[in-house]
Amino acid sequence: MALTVRTEPLAPVDWIQAAIQAVNQDGAGGVRIDRLCRELGVTKGSFYHHFQSRADLVEAVARYWADTQPQMVIDHVQAMPDAPWKRLLALTRLFTDLDLGIRDHAMRAWGASEPRIHEAVNTADRRIVRLLESMLADLGLPRQQQHDFARVLMFCSIGFYTAPELVNDQGRDQIARHVLALIRRAGTSDN
């Protein structure tokens, strides 16, 4: 098998995305400099042009993840119609529909053995929970219910893609609708 040699220069983000892809495919053990070089069609010199070590790459992946993962969610929500309930329903499908869940699941698994990745996942989670709380505030829920239901929605989203064998697409929609009905009842019972 002939090695494909890349002719255009790589940017740090190319290495970051290759590392995330490697984690998706083979877990944390897949993030090896030689493997990334092979998959990107470059030499180790290209890697060391951007990073001093694998630890530097891990740090770059963590920074990237903490920023881009929640920003993708925020951007997607901002592009949705203004109807708050429809936005919230659409958000319950986001992680599986945009394939974010597969990457998120892989990063959570990597975070179990890599503290800096764990911290980045937690940072991303906090930003997404704040977004959910804001959406729930727009629906008129009291602060404590915003707090609680934002976490319930987050746990449901994580559960939908970490245990997909427990619920199919139709079941996921049904569960999401039940949770949203609970949120709606909670919001109307306090007003």
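1. Read from the N terminus, the elements of the chain follow the order α-α-α-α-α-α-α-α-α, and the count in this predicted model is accordingly given as 9 helices and 0 strands.

2. As to overall extent, the C-alpha atoms occupy a box of roughly 65 × 30 × 30 Å along the principal axes. Of the contacts between residues at least 6 apart in sequence, 66% join residues that are at least 24 apart.

3. Of the 191 residues in the chain, 45% are classed as buried, while the accessible surface amounts to about 10,400 Å², with 54% of that area belonging to carbon and sulfur atoms.

4. On charge, the chain carries 22 positive and 23 negative side chains, and the centres of these two sets are 1 Å apart.

5. Is Arg 151 buried, partly exposed or exposed? Its relative accessible area is 27%, so Arg 151 counts as partly exposed, given that buried means under 20% and exposed means over 50%.

6. The surroundings of Arg 151 can be described both locally and across the sequence. Its side chain reaches the backbone oxygen of His 147 at 2.9 Å, and, once neighbours within four places in sequence are left aside, Arg 151 is in contact with Val 129 and Glu 133. Asp 125, which is 26 residues from Arg 151 in sequence, lies 9.7 Å from Arg 151 in space, C-alpha to C-alpha.

Key
Residues numbered from 1 in each chain as written. Predicted model: local features only at pLDDT ≥ 70, side-chain atom pairs only at ≥ 80, totals over all residues. Heavy atoms only, no water. Helix = DSSP H or I, 4+ residues; strand = E, 2+ residues; numbered from the N terminus. Buried < 20%, exposed > 50% of the residue type's maximum accessible area, 1.4 Å probe, protein only. Contact = heavy atoms within 4.5 Å. Areas by Shrake-Rupley, 256 points an atom, 1.4 Å probe, with all protein chains shown as cover. Lys, Arg positive; Asp, Glu negative; His and termini not counted. Charge placed at Lys NZ, Arg CZ, Asp CG, Glu CD. Polar contact = N/O pair within 3.5 Å; in protein donor to acceptor, adjacent residues only side chain to side chain.
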